Amino acid sequence: MITALPALHDLPRQNASQVKNKWGDVVRQVRQSGSVAITNHAAVEMVLLDAATYQQLTEDLLALSAREQSVLEELAGRFDRRLAVLQQPDAAQRVGALFEARGKLARRPKAGASF
């Protein structure tokens, strides 16, 4: 699914003048390595990608977005179910009873089936 891309500092580099004057060489380098960092005064300003790498990135992004949406919908459903419980007519009375109990149990706890 998600393709590991090389770090920016690991990409082969071409300066802007080389790109302008030797476009064919740059295209070959991109086809060979998948991407090339374009520099201007030794600072990377952009990255050229081959079409397959770009297509894979867009597909990965769509898949991640779909997964994120699915997780958000599941969380929203859980929230709505909990909210519905709190909106039941007797919810306030039950919460009040919890506060009134102040940690006291209605009966002794059992340690197991034999007690």
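Helices here are DSSP runs of H or I with at least four residues, strands are DSSP runs of E with at least two, and both are numbered from the N terminus. The model is a predicted one, so local features need pLDDT of at least 70 and side-chain atom pairs count only at pLDDT 80 or more, while totals for chains, interfaces and linings use all residues. Residues are numbered from 1 along each chain as its sequence is written, and side-chain values use heavy atoms, with hydrogens and water left out.

I'll start with helix α2. R28 and D25 sit three residues apart in α2, residues 23-33, so about one helical turn separates them. The two form a salt bridge, with the closest N and O atoms 2.6 Å apart. By salt bridge I mean a side-chain nitrogen of Lys or Arg within 4 Å of a carboxyl oxygen of Asp or Glu. R28 is exposed, at 52% relative accessible area, and D25 is partly exposed, at 40%. The cut-offs are under 20% relative accessible area for buried, over 50% for exposed, and partly exposed in between, with a 1.4 Å probe and protein chains only.

Which residues of α2 are buried? They are V26, Q29 and V30. Seen down the helix axis, the buried residues fall within an arc of 100°, so they line one face of α2; the arc is taken from the directions from the helix axis to the C-beta atoms. The face turned away from that buried side carries R28, R31 and Q32, which are exposed. As for what covers the buried residues, it includes β1 (13-15), α1 (16-21), β2 (35-40) and β3 (43-49). After α2 comes G34, with a positive phi near 95°.

Next, the core. A nonpolar core is a set of buried Ala, Val, Leu, Ile, Met, Phe, Trp, Tyr and Cys residues joined through side-chain atoms within 4.5 Å. The largest one has five residues, namely V19, V26, V30, V36 and I38. Of these elements, α2 and β2 each supply at least two residues of this core. In soluble globular proteins, nonpolar side chains tend to be buried together. Contact means heavy atoms within 4.5 Å, and, leaving aside neighbours within four places in sequence, I38 is in contact with Q14, A16, V19, A43, V44, E45, M46 and L48.

Last, helix α3. How many salt bridges are there by the rule I gave? The count is two. Besides the R28 and D25 pair, E74 and R78 meet in a salt bridge at 3.7 Å, N to O. Both lie in α3, residues 51-86, four residues apart, about one turn of the helix. E74 is partly exposed at 40% relative accessible area, and R78 is partly exposed at 38%.
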